[in-house]
Amino acid sequence: MSVMRMDLADTGSPEGLVSLILKHEPDFRVPVPIEELALQLEIEEIDELETEGFEGGLITDRNRNRGIILVKRGVNQPRRRFTIGHELGHFLIANHVPHEDGRFLCSRQDLQTLSAKEGDRRAKMEVEANRFSSLILMPPPKLREYFKKQPSPSLEHVFQLAEEFQVSKEAMARAYADYHPESLAFIIVKDGKVGRIYHHRKRFPFITASRNKPVPQGSLFYRRDLQIGTPSEIDERLPDVWIDVPRGQRAPTLSEQVCLQKNGYALIMLWHEEADEEQEEREDMTARDRWRAQQEKYLRG
């Protein structure tokens, strides 16, 4: 590994930092060696966090002359890796100021913060640290290589990539929605209610389902033969189960796949495709026929 901290000087954004790191490390392997990278960039050590109620921490000073990353004891490998990436982001982004004298302490909520209100500097720092961690653990150029090999989206592919990149399924679903060439959305469900929603806001239509409300009727989520840990088939749903379809316009195709998970959780993938001229020819096809036709289209490239 050859990247040096001085190579990243004067770069203040997560995207800029990751871009420079990848420029110096074009052959980064997967999973990204995040601990090796942190030590290469002058983190002195990675140790266990003793303070209760926090996932991670960073001991440093205003001039970033030193840095020690702390990670909560006993967390699984994907969470540990994301926390290290998050604290490394605080260390490398020059305008991040420790919350307390000489140290950042980050809660689980901090590591899930994806947006910040105007003027909320602390939340903004957490958003940037999370963005850095996501980008360095799942570099978009690497993801695109995998998407080229398997262009048809599916939850099975999300789970496979999560394992290969050693990140959580939710983190991979978020990156998948952002960087996959298809228009996708992922919905986290807990106890039958809509939770966090991830989608590319410029490509995927507004989702009408509200957070903390039951999953809309008509979703595959209510199919009775679903098994925990086994994704359903991808099947078409009426688009207005999830999105608004303006009156008088040809309805898009909206496909859905569901995977029940433990402890009342579920992950739903939505795949939105604009109506095209071929749609009329396909109107007499069953959902299974259309799905096979899509697969054949991808195989033809």
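So, the sheet: five strands form an open sheet, ordered β6-β5-β9-β8-β7, and the pairing is antiparallel. Strands here are DSSP runs of E with at least two residues, helices are runs of H or I with at least four, and both are numbered from the N terminus. Two strands pair if DSSP finds at least two bridges between them. This is a predicted model, where local features need pLDDT of at least 70, side-chain atom pairs count only at pLDDT 80 or more, and totals for chains, interfaces and linings use all residues. Residues are numbered from 1 along each chain as its sequence is written, and side-chain values use heavy atoms, with hydrogens and water left out.

Which strands stand at the edges? Those are β6 and β7, residues 235-237; each has a single partner strand, so one side of each is left without a neighbour in the sheet. On average, neighbouring strands of this sheet are turned by 30° against each other, direction ignored. For angles like that, axes are lines fitted to C-alpha atoms, for helices over the stretch in contact, and angles run from 0 to 180 degrees between N-to-C directions.

Packed on the sheet is helix α6, residues 155-165, which touches β5, β8 and β9. Its direction makes about 50° with that of β8. Contact, by the way, means heavy atoms within 4.5 Å. The buried residues of α6 include L155, V158, F159 and F165. Buried means under 20% relative accessible area, exposed means over 50%, and partly exposed is in between, with a 1.4 Å probe and protein chains only. Just after α6 comes Q166, with a positive phi of about 55°.

Let's go back to β5. How many of its eight residues are buried? Seven of them, so the strand is mostly covered. Eight bridges join β5 to β9, running antiparallel, and one of the bridge partners to look for is H272 in β9, across from S183. With β6, also antiparallel, β5 has five bridges; there I187 has I197 as its bridge partner.

β5 and β6 form a hairpin with two residues between the strands, and in that hairpin D191 takes a positive phi near 55°. D191 is in the loop between β5 (183-190) and β6 (193-199). Is D191 buried or exposed? Exposed, with a relative accessible area of 55%.

There's another case like that at N263. Phi of N263 is near 60°, again positive in a residue other than glycine. N263 is in the loop between β8 (253-260) and β9 (265-273), and at 66% relative accessibility N263 is exposed too. Why point these out? Because most residues other than glycine have a negative phi, and most peptide bonds are trans. On that last point, look at the bond from V30 to P31: this one is cis, with omega near 0°. P31 is in the loop between α1 (14-24) and α2 (34-40).

α5, residues 140-149, and α7, residues 169-179, pack at an angle of about 80°, their axes 11 Å apart. That makes α5 roughly perpendicular to α7; the cut-offs are under 35 degrees for roughly parallel, over 145 for roughly antiparallel, 65 to 115 for roughly perpendicular, and the rest oblique. What makes the contact? On the α5 side, P140, L143, R144 and F147, and on the α7 side, M172, A175, Y176 and Y179.

Two of those names come back with the rings: F147 and Y176 are linked by ring pairs with F186 into a cluster. Rings of Phe, Tyr and Trp (its six-membered ring) pair if their centres lie within 6.5 Å; planes under 30 degrees apart count as stacked, over 60 as edge-to-face, and the rest as tilted. The structure holds four aromatic pairs. One of them is F221 with Y222, edge-to-face, at 5.3 Å centre to centre and 80° between the planes. F221 is buried at 16% relative accessibility, whereas Y222, at 33%, is partly exposed.

Last, charges over rings. That needs NZ of Lys or CZ of Arg within 6 Å of the ring centre and within 35 degrees of the ring normal. K149 lies over the face of Y146, 5.2 Å from the ring centre. The charged end of R174 sits over the ring of Y198, at 5.4 Å from its centre.
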